[in-house]
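Here are my notes for a colleague who is opening this one for the first time. Have the viewer ready and go through the points in order.

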Amino acid sequence: AKVVKLEQNYRSCTNILNAANALIEHNKGRYDKNLWSDLGEGEKIKIFTGETERDEARFVAEKVREIHQNQNVPLNEIAVLYR
């Protein structure tokens with residue numbers, strides 16, 4: 001068997017991948033790899049910590065509203081992925 005490392009990411013910017021690398025390097029039993037992208041640095045990562053699910057929902061709704069109003073993005077073109 002041969003291990004092929006898939007390290008280049010074609011969708012995410014460097015800031016996201018650096019954060020991912022920092023998190024996954026602590027996983028035990030993983031193959032060593034370094035995710036990278038040639039899409040540039042990208043926006044800085046922002047962190048929000050809510051006390052409740054309602055705080056999280058309020059935060060997401062406010063961000064959707066800001067994008068819709070400030071950047072004129074139609075609501076039917078905004079998606080929220082939640083895990």
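1. A word on terms to begin with: helices (H or I, at least four residues) and strands (E, at least two) are DSSP runs, numbered from the N terminus. By that count the protein chain has two helices and zero strands. N15, which comes up again below, lies in helix α1.

2. Some ground rules. This is a predicted model, where local features need pLDDT of at least 70 and side-chain atom pairs count only at pLDDT 80 or more, while totals for chains, interfaces and linings use all residues. Residues are numbered from 1 along each chain as its sequence is written, and side-chain values use heavy atoms, with hydrogens and water left out.

3. Now the overall form. The radius of gyration of the protein chain is 17 Å, whereas a compact globule of 83 residues would come out near 12 Å. (That radius is taken over C-alpha atoms, and the globule rule is 2.2 Å times the number of residues to the power 0.38.) Along the principal axes, the C-alpha atoms fill a box of roughly 50 × 30 × 25 Å.

4. How much of the chain is buried? Buried residues are 7% of the 83 in the protein chain. Here buried means under 20% relative accessible area, exposed over 50%, and partly exposed in between, with a 1.4 Å probe and protein chains only. The accessible surface comes to about 7,800 Å², and carbon and sulfur atoms hold 52% of that. Those areas come from the Shrake-Rupley method with a 1.4 Å probe, and for residues only the protein chains shown count as cover.

5. On contacts, meaning heavy atoms within 4.5 Å: of those in the protein chain with a separation of 6 or more, 57% are between residues 24 or more positions apart.

6. Start with S37, found in the loop between α1 and α2. S37 counts as buried because its relative accessible area is 11%. Leaving out residues up to four places away in sequence, S37 touches N9, S12, C13, T14 and L17. The S37 side chain also makes polar contacts (pairs of N or O atoms within 3.5 Å; within protein, one must be able to donate a hydrogen and the other to accept it, and residues adjacent in sequence count only if both atoms are side-chain atoms). One goes to the backbone oxygen of S12 at 2.9 Å, another to the backbone nitrogen of L39 at 3.0 Å.

7. That brings us to L39, in the loop between α1 (14–24) and α2 (53–70). With a relative accessible area of 43%, L39 is partly exposed. Apart from neighbours within four places in sequence, L39 is in contact with Y10, R11, S12 and C13. Where does E56 sit relative to L39? The two are 17 residues apart in sequence and 29 Å apart in space, C-alpha to C-alpha.

8. Back to N15. Its relative accessible area is 18%, so N15 is classed as buried. Beyond residues up to four places away in sequence, N15 touches E41, G42, E43, K44 and I45. K44 is found in the loop between α1 and α2 and is exposed, at 68% relative accessible area.

9. Two more pairs to look up. D32, also placed in the loop between α1 and α2, is exposed at 57% relative accessible area. D32 and K5 are 27 residues apart along the chain, and their C-alpha atoms are separated by 8.8 Å. A57, in helix α2, counts as partly exposed at 47% relative accessibility. A57 and N27 are 30 residues apart in sequence and 30 Å apart in space, C-alpha to C-alpha.

10. Last, a backbone detail. Most residues other than glycine have a negative phi. N72 is not a glycine, yet has a positive phi of about 55 degrees. N72 is found in the segment after α2 and is exposed, with a relative accessible area of 66%.
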